[in-house]
Amino acid sequence: MESIKNPTDFWFTIEPYVFVSIVDKCALLYNTLDGVTIETDKPEVIELLNEMLQERNCGVALLENERYSKADIYTFIGELREKYMGDIIDVTLSKGKPVQLLPYFNYPNMRNRKVDFSALKNMLDMLSCIRIHVDDSTDSAKLISLLQTMPENVSFDVIGNMESVSNELWSFFNQHPSPATIICAYYNVIALDTSCSHNFSYRVSVKFPVDMIQWKRSLQILKNQTSPFEFVFEITSDADCQQAEQLINNYGIENYCLNPVYTGKNIAFFEEHVFLTKEDILSTSISIKDLFAKQSMYVSDFGKITIMPNGNVYANVNYPALGNIYSSSLYEIISKEIAEGQSWLRIRNQFPCNACNYQWLCPSPSDYETAIGRPNLCHVK
Ligand code: SF4
C-alpha cells in the first residue's frame, strides 16, 4: 500500500456507476445514471485513469499535488466533479488508502466455461420465447406434446398464415398461461374466437406496395376484437417511409414500428437512416447491467428459439439449424447453441468494434450486420 508522504496530495477515484473505456490512447467515461460522458486524449489523464484501474490500486490512485496542478489533469478533475463522475479527496482526511468498488465485468463466459450445465437446475429455464412457424405441414399433436413441457414463463410467437393453425393448437395456446403473439402479414390476419382472445396479441407486418382492400379488411378485423395489436412496417426506402406515414396518419394507427429491411440494393438508405452516429449511440442512457449483459450475450436472441414446420430448431434463422424437435431433445439443442452456436453468445468483439471506446455502448451486433456483411454499421469508424 502506498504511504502518505505529502499532506497536500489527493486520492483520485471515479464513482462506481461510471463506466471507463480506454482504447488507442483515448478514454471514454460514461455516467450510467444520466448518460453524460467525458472523452479525453490527454496522455497525463489517460495515465492517471490507467493507474486507478489497475487491480492492485482498488479503484483509487494517488494524485500528487504537483501532478494535480498540471493543466490537463486540473481541467479533467474539474469536469469530472462537475458531472458527478468522480472526485479527489485530501489524503489527510483518511488514515490509509481508501478503496472504491468499481464496476468490473467478471462473469464467466459460458462458452469458455466448457458448458458446465450442472450449475443449472433446468436447462429450459434459459428459454424465454419460442417462435413457432406454422403452415399446413405442421404436426400439431407432436408440437403440443413438446410445448406442454415448457416452463410457464416462456412466451410463444406464432408466425405464418394463421389459417394453417389447427384448432388443437389454438386451444393449447389459449389454455396455456403464457402470452402468445400472433405474427403474420396484414393479408393473413384472422378474427380470433372471442373466448380465446384474452391470451393473444397481434404483430402484423406490412410490406409495400400495400393492397388497400386487404389492409382495410385486416384493420377492421383487428379493431373489432379486444386483443392488442401492433403494425410493423417493413421499410426499404424513403418512399416506403412516406407510405407508412400516410397509413399511420390516415387510419389513426397508434401502435406501430418501422422495421428497416436490407434488400442488397439499399445500402444508401441504411447509411442514411440505420447506421449509427456518435450522437445516436449516446442518445439513450445505458445501465451498468445493460453494459455487462452486452459483454456476455446477444440480449435480443438469448433464450429464444425458432421451430420451423418441419421441426428444425434455430437460435437464429440466419444460422444453421441446431437440431430437430422430432429427433433431438431441447436439452441437446440448447446445449449445442451454448457450445458452438453463433447467436445467443454473439457479442460486439470483432474489429473495428474491439478497438472502439463505444464497443459496449453500441447495440449488440444484429442480423443487419450479417446481411450487409459489415461488423460495424456506424459512421464512427
Ligand atoms: S466501430 Fe463498432 S463499437 Fe465503434 S461505434 Fe462503430 S459499431 Fe459501435
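The centres of domain 1 and domain 2, taken over C-alpha atoms, are separated by 44 Å in this predicted model. Domain 1 covers residues 10-93 and domain 2 covers residues 117-346 of the protein chain. Six residues from domain 1 and seven residues from domain 2 make the contact. On the side of domain 1 that touches domain 2, two residues are nonpolar, three are polar and one is charged. Here is a tour of the sheets, the helices packed on them, and the ligand shell.

**The three-stranded sheet**

- Let us start with the open sheet of three strands, which runs in the order β5-β1-β6 with antiparallel pairing.
- Strands β5 (60-63) and β6 (86-90) stand at its edges; each has a single partner strand, so one side of each is left without a neighbour in the sheet.
- On average, and with direction ignored, neighbouring strands of this sheet are turned by 30 degrees against each other.
- Strand β1 (residues 10-14) pairs with β5 in the antiparallel sense, over four bridges.
- To find your place along this pairing, look for W11, whose bridge partner in β5 is L62.
- Helix α1 (residues 43-53) packs on the sheet and touches both β1 and β5. The direction of α1 makes about 135 degrees with that of β5.

**The nine-stranded sheet**

- Next comes an open sheet of nine strands, with mixed pairing and the order β12-β11-β10-β9-β8-β7-β13-β14-β15.
- The edges are taken by β12 (256-260) and β15 (323-324); each of these has a single partner strand, so one side of each is left without a neighbour in the sheet.
- Strands β7 (residues 129-134) and β8 (residues 155-160) pair in the parallel sense, and six bridges link them.
- A handy landmark is H133, which has I159 of β8 as its bridge partner.

**The ligand shell**

- Which residues surround the ligand? They are R348, P352, C353, C356, Y358, Q359, C362, N376, C378, V380 and K381.
- By residue class, this shell divides into seven nonpolar, two polar and two charged residues.

Terms used
Residues are numbered from 1 along each chain as its sequence is written. This is a predicted model: local features need pLDDT of at least 70, side-chain atom pairs count only at pLDDT 80 or more; totals for chains, interfaces and linings use all residues. Domain bounds come from an automatic or database domain assignment. Two residues are in contact if their C-beta atoms, placed from the backbone, lie within 7 Å. Ala, Val, Leu, Ile, Met, Phe, Trp, Tyr, Cys and Pro count as nonpolar, Asp, Glu, Lys and Arg as charged, and the others, Gly among them, as polar. Two strands pair if DSSP finds at least two bridges between them. Helices (H or I, at least four residues) and strands (E, at least two) are DSSP runs, numbered from the N terminus. A residue is near a molecule or strand if its C-beta atom, placed from the backbone, lies within 6 Å of it. Axes are lines fitted to C-alpha atoms, for helices over the stretch in contact, and angles run from 0 to 180 degrees between N-to-C directions.
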